[in-house]
Amino acid sequence: MASLIGSYSLIFGLGCSVLIIFFSVKDFNKSGNLNSKVISFTFLQLFFIVVSFFGLILSFVNSDFSNETVFNHSHTTKPLFYKITGTWGNHEGSLLLWLLVLTLFIFLFLLSSKKEPKKYRILTLLFQQVIIFGFFIFVIKTSNPFSYIFPIPTEGLGLNPILQDPALAIHPPILYLGYVGSSIIFSSVLAATTLNYITKQWAKDIKKWILVSWIFLTLGILLGSIWAYYELGWGGFWFWDPVENVSLMPWLALTTLLHCILVLEKRLILTSWVIILSIATFTLSMCGTFLVRSGILNSVHTFANDPERGLFILIFLFCLIFLSFFVFFFFHKIENRNTSNFFWLSKETSILINNWFMMYFLSVVLIGTIYPIFLEVISSEKISVGPPFYNKLIIPFLIPFLFAIAIGPKLNWIKSDFKNKKYLLLFLIVSLILSIFIVKNFKIDFLLNTILITSAFFLFFVTLRDLIVRQFTNLSQSVAHFGFSLLILSILLNNIFSTEIITNLKIGETFQSEKLKINFESLEHADKQNYKSLVGKFSIESFDGKVVVLNPELRIYNQPNIITSEADIKTNLLTDKFITMNIVHNQDYFNIRYQTKPYMVWIWISVLLISCGGLISFLRKKYEK
Amino acid sequence: MKNNFFLILTTIIFSLIFYVFYKSLQNPNIYKPNIETGKKIPNFEAKIFGTDTIISSDEIFKNNKYYLVNIWASWCAPCRVEHPLLMELTSQEDLEIIGINYKDNILNAKKFLKELNNPYNIIISDKNGILGIEWGAYGVPETFLIYNNRIIKKIIGPLNESFIIEINELIK
């Protein structure tokens, strides 16, 4: 029943799209306010999608296996929480979520843009409806979440156990809010370019939307990263996996856009940057969806391998890309040259430098992600691009980038100098001494690491001082930049100080090294609702006599049959102790991997701080310097 | 002029990207687990289906014959699909078919066999899925061809006609 209602709602929603487009076009050249029918239909469309989405949730909760999506991704023994989150843990449901967010955002946009010109609002709505319409066709034609199967199976096939996790349950919706939020920016930029309405006021309004999607995208990436850290059991938080990269690319573009829009709002320059970046952000998000869903890249995110689906997104994506080219090349007036004179030492220049750095990082990630695909098509050679590629290309450029972040915000608009900036030199010396002190105790490449850590410390001190001295002026920037410096510093120190022990142990055995003793005390079996669990008890005795007990777990899921390894992590402010165990086939031995990861928690905290910076900026009414 | 140049350039670049993506759609690279063949079969002891008698792997694979180990369950839809093919294989004299009844309700399993006939020479029961893990199974159904205590062929997913032909070829 719920499926039936959901299915019809979806078709009514599509009908609304047609009506909205019809009334908007009719209303476009009329004077006066926006036709209230348009807003009503937009609301109605949102309503239908909500109904449809709840219909799907209900089908999942009731384990209605006559619905193909439910049959493929649910199971009666699955806990209720994961039945609900399973709704968007699959291809069909997640596309329905895309639609939900698309319609929700355009409705909110219409409500919040009452003061803006009518033509601009209608055109934004139209561009957005093109995207919505495309997604409707995609969902209904190729990935209908309400397909009916007969005879009705008595049991479902289950959700991939590694996706049965709280962090991952909310990771997709949050990430989607970020991805799809950029669709509003995309539509709005196209509308504004067509109408030549790129003004300071426009920048001010669109900045809110940029901040919204930026905050959600940041949090979404953070959640995915936290999940990978404790679930995948490798003890890392970023693997330069193509799927991580496709979420990082829109983030880089969006972050750059955020900085550009501040300049645009203040000085009405960099308009081309803003337009291109807005287009890039959304197309990169779509491109990510395409790469991940089509199965070209393979990962836990690849839900279905249906070439028809991939082809549809591909064609749709390129239609949008060519549409935005058309708008950009034929409607965008190149800005007046007089206003785009940059003095070498000014805030504008520093933001421009920031842009180029970000574009460089973006292209490194882009090439690393899609080069293997190109190579395979051209020479049918398979390669995989790993962390060394990214480290080699990104780290050297990180050094000047960090210095630029430290110094850039200190400069004034238009023209600046270095008066009253002596403390910078002091910070630099302190950072240098600190990092030499750290680096010389480790057998790592001295020169590069010293400079790298110096620049990280330097940024850290400068942003920390800003946070204290400037207090509430420019708080959002201080918080976000401080968060970023903390992030870089924690990642660097984490890399240098991490230790790892890999060994095979039987129950009752002890591993001993100079620094610690790992004792495998016992193994407990337990039957849980939809899996069997094996919990190991390990006591780790460090050199100074402190004992920590860790309990890593192996879960043998029944439906589908998959073994997952749950790490046990003891976290405190200074370090994470991380242990995983794995079955060695046909042996009594278990493979034990014990890691210490210093400052892990600061990586998460710093990303939270970065998004807090965005949130503060979003809540602030007044423009910041 | 400059504008046109960029327009043409970007159009070409993006058309190229489109082409490459389109081509790579044709051969999506789905991850296939490495199929370990030539590996020795695991040693185990398990209950014979429907009884409390325990049988060891040495007893099962004692003869100089080909063995086909098939992991199945009554709740598994593809098992139902491949079942007639297993029945077909029962005519092979040099082949013994061993069923591993995987995480199943015994009554349902018996009903399943009654309905579709029993192709298995021996069925052992794997109530909790541990045997499946020892065999390195990825899911149900899964089939292993064994000769001389070694896995010579592993088929993930349901059997189909071409596998049957292949199996018949191997046994000759």
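Colleague: Into which domains is chain B divided?

Modeller: In this predicted model, chain B has domain 1, spanning 1-30, and domain 2, spanning 45-171. Their centres, taken over C-alpha atoms, are separated by 50 Å.

Colleague: Why is L270(A) called buried?

Modeller: Happy to go through that one. The cut-off for buried is 20 or more other C-beta atoms within 10 Å. L270(A) has 22 C-beta neighbours inside 10 Å, so L270(A) counts as buried. L270(A) sits in the loop between α9 (242-267) and α10 (271-294) of chain A.

Colleague: What makes the phi of L270(A) worth a look?

Modeller: Most residues other than glycine have a negative phi. L270(A) is not a glycine, yet its phi is positive, at about 65°. Y599(A) is another non-glycine residue with a positive phi, of about 60°.

Colleague: And how do you know whether Y599(A) is buried or exposed?

Modeller: By the same cut-off of 20 or more: Y599(A) has 22 other C-beta atoms within 10 Å, so Y599(A) is buried. Its place is the loop between β10 (590-598) and α17 (600-619) of chain A.

Colleague: Which residues have the most contacts inside the largest nonpolar core?

Modeller: Those are L99(A), L102(A) and A456(A), in a core of 143 residues. Helix α8 (residues 200-231) of chain A gives the largest share of this core, with 18 residues. Another core, of 27 residues, lies apart from it and includes Y67(B) and F144(B).

Colleague: What is A456(A) in contact with, leaving aside its neighbours within four places in sequence?

Modeller: The partners of A456(A) are L402(A), S485(A), I488(A), L489(A) and L492(A).

Definitions and conventions. Residues numbered from 1 in each chain as written. Chains lettered and ligands numbered in written order. Predicted model: local features only at pLDDT ≥ 70, side-chain atom pairs only at ≥ 80, totals over all residues. Domains from an automatic or database assignment. Core = buried A, V, L, I, M, F, W, Y, C linked by C-beta atoms within 7 Å. Buried ≥ 20, exposed ≤ 12 C-beta atoms within 10 Å, placed from the backbone. Helix = DSSP H or I, 4+ residues; strand = E, 2+ residues; numbered from the N terminus. Contact = placed C-beta atoms within 7 Å.
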